[in-house]
Amino acid sequence: MKEAKYIWKDGKLIPWAEATTHILSHTLHYGNAVFEGTRAYMTKKGLAIFRLKEHTKRLLDSAKIVCIKSPFTQDELEKAQVELLKANKDEYKGNVYIRPIIYLGYGVMGLNHINAPVNVAIAAWEWGAYLGEEGLNNGIKVKTSSFVRNPTKSFMGKAKAAANYLNSQMAKHEALACGCDEALLLDDNGFVAEGSGECFFIVRNGKLITPPYDNTLESITQATTIEIAKDMGLSVEQRRITRDEVYIADEAFFTGTAAEITPVRELDARVIGNGKAGDLTKKLQQAYFDVVNGENPKYSHYLTYID
């Protein structure tokens, strides 16, 4: 990780190395915290945060779901992210990843979290392609995980909560240990849910297909991809997908703030399509990068420029 100069914590900028927390912080022991992943792109007009409002809203929605009351409003958190990027502006030479987190700090122990102090921090650092430039260009190798996506009967999947990601971490570890780049998780009914940290699409007969929100995070990148696809005149369908349907798909790809649009060239030793990034995937990928880099004026309202 490439460190920056400052981190925003509880209303003020502090040096990166001083952004620490106590070993008895409640979240460290019990896992209740919510976070976001947001990107800022180095456009021709300067650094710009993509869909700042939507990501910040989801952060606060997540906090509400897990019964954490944020001490900062939506407007305050949006301004804090802009403030942080401005303060670190000279540190950034490329695209930036922003990580706001609302967590429970030091003060009480035990499962009752209501009286724990609430802390908020925002870090931002340069981060390139999450699944690698090679994967972004030519596709990645994926394994269907033995870990089921957290079921809605026991987890609140609409919250981007820290505790939810232990399952994703184990799925990712398993995939890497098996020589793959990423995991594909099924839901508890055996249908495709999502990657360890991404949403999933396939292409069949010219139609773009992605799972519904029944058992997945309500992805902002997924919604953006669907919006772009419809503007391109593509047919888009949200419905259940089985693992074997992925095997015979013409194309497949992951989407996410970190992953952006990353092609899938293989799943479970089955080559997808021609084993390369598909034509439709590449068109969507280029259109997506045009949007986030400020090259498509229709989507300029999604960008918050850092002066």
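For the lining classes used below, Ala, Val, Leu, Ile, Met, Phe, Trp, Tyr, Cys and Pro count as nonpolar, Asp, Glu, Lys and Arg as charged, and the others, Gly among them, as polar. The model is predicted, with local features needing pLDDT of at least 70, side-chain atom pairs counting only at pLDDT 80 or more, and totals for chains, interfaces and linings using all residues. Residues are numbered from 1 along each chain as its sequence is written, and side-chain values use heavy atoms, without hydrogens and water.

**View 1. The second largest pocket has a volume of about 390 Å³.** Among its 16 lining residues, Ala 19, Thr 21, Ile 101, Tyr 103 and Ala 121 are the closest to its centre. A pocket is an open set of points on a 1 Å grid over the protein atoms alone, with protein on both sides within 12 Å along at least five of seven lines; a cavity is a set where a 1.4 Å probe fits but cannot get out; lining residues have an atom within 4 Å of a point. Grid points are joined across faces, edges and corners, and a volume is the space filled by probe spheres set on the points. By class, 10 nonpolar, four polar and two charged residues form the lining.

**View 2. The largest pocket holds about 740 Å³ of space.** Closest to its centre, of 36 lining residues, are Phe 35, Lys 160, Tyr 165, Ser 196 and Gly 197. The lining comprises 13 nonpolar, 16 polar and seven charged residues.
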